[in-house]
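Keep the viewer open as you read.

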Amino acid sequence: MFPARPANPPPPAEPRFRAVRVTPPDHTLPPAPPDEPPAADPGERGEPAGWSAAVRFPSPRAALGHTAATAELGPPGLRRSPDDHSVWALLTPGHQPGLQLAAGYGGLVHQADTDGLLWPDRPTARLPQAFGHLATVAGWEPVSLAELAAHSPAAAPPPGLKEVSVLAPGALGRWLLRRCLAAGVATTFTPVERLAPDGRPDAGWLLLRLNAVDGPVPAGLVEACGRLPGPVACRAADPDCRVLVDLRLRLPLDDAVLLEEVPPGRHLVVERALSGPPWQWRPLGDPAAGELLDARPVLSSAPPARTPVPVPALGPPLPVRLVASARAPHRVDAVLIADGELDALRRFLRTRPLHETAVVAFGPGRHLVTEPPGLCQALPFGIPVHQTGPGALYLESGCVLNPPLPDTARDEVLGLGPDVITVLCRDGAWRLRVADVRPAWQLWMPAPPAFAAGLSEPARELLDRLGEAMPEPEPAAPAAARTPEAERRRLNQIAMEHSLRGEYRRAAELLEQAGHFQRAAQMYERAAAELGEGL
C-alpha cells in the first residue's frame with residue numbers, strides 16, 4: 001500500500017529534516033523499547049487487524065456520512081478523540097476505495113507507514129510531521145455505529161405508520177395505553193427495565209406495540225407519544241426489537257448495519273443525540289393484551305350510600321370597610337361635596353368652562369359633581385372619587401374595599417341598581433338617585449322674569465292699517481324640521497346617566513348624536529383609558 005523505502009540510503013552529511021512523532025500529552029502511549037514485546041494487535045479487541053490508515057472527521061455526523069457511504073466495504077474502527085469532538089475511523093486496505101470520499105465529508109486522511117506512524121496526506125507545515133502512532137489511536141475510546149446514528153438528521157415522524165413501538169415510564173405508559181385503546185388501536189404491552197450505563201436496572205418501564213388494524217396509527221397519537229417527557233416513539237429494526245430507532249431520525253444507514261453490532265438477546269434504543277446516547281433495555285415478561293393493564297373496577301348498580309355531612313356554622317358577618325391602599329386607582333372621576341360647599345361650587349363654576357359640561361347629582365347632605373375626565377381635578381374642595389363598578393358605584397380615590405368583593409358580591413351587598421348612584425367614602429356612604437341629576441349651571445339659574453305679552457292698542461291699530469295696505473304673502477313650503485331642543489336635552493340626559501355608570505363609550509355616542517362633539521371626544525378618550533387599564 002505504501003511506496004517502498006530505498007534500501008540502505010546513504011546518510012547525508014547534515015540532514016535538513018527528519019520525521020517527528022507527535023504524541024498528544026497524557027492520551028498517547030510511548031513507543032515500546034526494542035527489548036519489550038510489541039503492542040497488542042488491534043484485532044485482539046474484536047475488530048479487524050491490519051489497519052493501514054486513519055481518517056479524522058471533525059464531527060460525529062461527518063463520520064456517520066462517510067461510514068454510510070462506504071458501508072459495503074465493511075465496518076471501520078471508530079474512535080473518539082480525547083482532545084476534541086472529532087471522530088477517527090481506522091481503515092484496512094479493503095477501505096482504500098473509500099479514502100477518496102473522506103475529503104467530501106471534511107475528513108483528513110493519515111496513512112500509516114511500516115512502523116505504524118500516521119502521516120497526513122495534506123501536511124499543513126513546510127516539513128511533513130507524523131501525527132502519532134496507529135496504536136495510540138486504537139487505544140482511544142471506541143464509538144459504536146448506534147452512537148453515530150443518533151446524530152442523523154431529525155424531522156417530524158413520517159405519516160401513514162402501521163406499527164409504532166413506544167418505550168415509556170410506567171405512569172405515562174398506562175396513560176398512553178388508555179389513549180391508544182380509546183383511539184381503536186390494537187396495543188400490547190411488555191414490562192421492561194431500562195439499564196443505566198453502569199448496569200443498574202430501572203424496572204418501571206413499559207414497551208407498547210401499537211398496530212393499526214384499519215388505516216395508519218393516528219398522527220395525533222404518534223405526536224403525543226413523542227412530545228411527552230420520558231417516552232420515546234420508535235420503529236423496530238427487526239421483529240425481536242433488538243434495535244429501536246426514534247421515529248424522528250432519518251438514518252443514512254441500513255438497519256441491518258446496526259443489527260450487526262447488537263448481539264442476540266440484547267436490546268438497544270437509538271434516540272436523537274440531544275436526548276442522550278443510545279441506551280439498553282431488557283424485557284421482564286411476555287407481551288400481553290393492552291386491555292389487561294387497563295382493567296377498571298366494576299361499578300355497582302346499587303344507588304350510592306349518602307352520608308349526611310354536617311355543615312359548619314358560619315361566623316359573624318364582617319363589616320365592609322374602605323381602607324387606603326397603594327394599589328387603588330388615584331384618578332378622579334367625580335367629586336363629593338357637602339351642603340356647605342354648594343355656594344363655593346356655584347362661585348367656582350361661573351367663570352370656568354366646567355359649567356358647560358358638569359352635572360350634579362343631589363343627595364342627602366352630599367352631592368356628586370361629575371363631568372368629562374380631567375376637569376374635576378381642578379376643584380379645590382370636596383372628596384375625589386373614582387368609578388369602579390358595577391354600574392354607578394364610586395369609591396374614594398386611593399381606597400379599596402376590605403374585605404375585597406367581586407362584582408356579583410358588590411351588587412348583592414351594596415344593593416346597586418340602574419336608578420341609583422352609590423358613593424362610598426371613609427367617612428360614610430351615600431345613595432343618590434339618577435332622577436335628581438341636574439346640569440351644574442342650574443345652581444345659579446335665577447327665576448325667570450315676568451314677561452309682558454300681547455299687543456298695545458296703538459300697536460294693534462298700526463298693524464291693522466299695514467295689513468290693509470300690504471296683503472299677507474302666500475305661505476311658502478315649510479322648511480325642513482331641525483332637531484328639536486327637547487331631543488337634544490333628552491340625549492344629554494341619557495348620556496349623563498351612562499357616564500355615571502361608567503359606560504363612557506355609549507355616552508360618547510349619544511353626545512355625538514346630540515351635536516356635542518367636544519364632549520363626545522372627551523368621553524371616547526375616557527373609554528380608551530378604561531380599555532388600557534383593563535389590559
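## A bridge across the chain

Glu-396 counts as buried because its relative accessibility is 10%; buried means under 20% relative accessible area, exposed over 50%, and partly exposed in between (1.4 Å probe, protein chains only). Arg-426, at 53%, therefore counts as exposed. The side chains of Glu-396 and Arg-426 meet in a salt bridge, 3.0 Å from N to O. Here a salt bridge is a side-chain nitrogen of Lys or Arg within 4 Å of a carboxyl oxygen of Asp or Glu. This pair links distant parts of the chain, 30 residues apart: Glu-396 sits in strand S21 (residues 393-396), and Arg-426 in the loop between strand S23 (420-425) and strand S24 (428-433). Helices (H or I, at least four residues) and strands (E, at least two) are DSSP runs, numbered from the N terminus.

A word on the model itself: it is predicted, so local features need pLDDT of at least 70 and side-chain atom pairs count only at pLDDT 80 or more, while totals for chains, interfaces and linings use all residues. Residues are numbered from 1 along each chain as its sequence is written, and side-chain values use heavy atoms, with hydrogens and water left out.

## Thr-422 in strand S23

Strand S23 also holds Thr-422. With 4% relative accessibility, Thr-422 counts as buried. Which residues is Thr-422 in contact with, leaving aside its neighbours within four places in sequence? They are Ala-392, Leu-393, Tyr-394, Leu-416, Trp-430 and Arg-431, where contact means heavy atoms within 4.5 Å.

## Helix H12

Glu-487 and Arg-490 form another salt bridge, at 2.7 Å from N to O. Both lie in helix H12 (residues 485-500), three residues apart, or about one turn of the helix. An α-helix has 3.6 residues a turn, so residues three or four places apart point the same way. Glu-487 counts as partly exposed because its relative accessibility is 28%, and Arg-490 counts as partly exposed at 41%.

Several H12 residues are buried, including Leu-491, Ala-495 and Met-496. At 1.5 Å a residue, the 16 residues of H12 should span 22 Å, and the 23 Å between its end C-alpha atoms agrees; the expected span is 1.5 Å times one less than the number of residues. Just after H12, Gly-502 takes a positive phi of about 80 degrees.

## Strand S8 and its partners

Strand S8 (residues 163-169) is mostly covered, with five of its seven residues buried. Seven bridges join S8 to strand S10 (residues 201-211), and the two run antiparallel; strands pair if DSSP finds at least two bridges between them. Across this pairing, Ala-168 stands opposite Leu-206 in S10.

S8 is also joined to strand S11 (residues 232-236), by three bridges and again antiparallel. There, the bridge partner of Val-166 is Ala-233 in S11.
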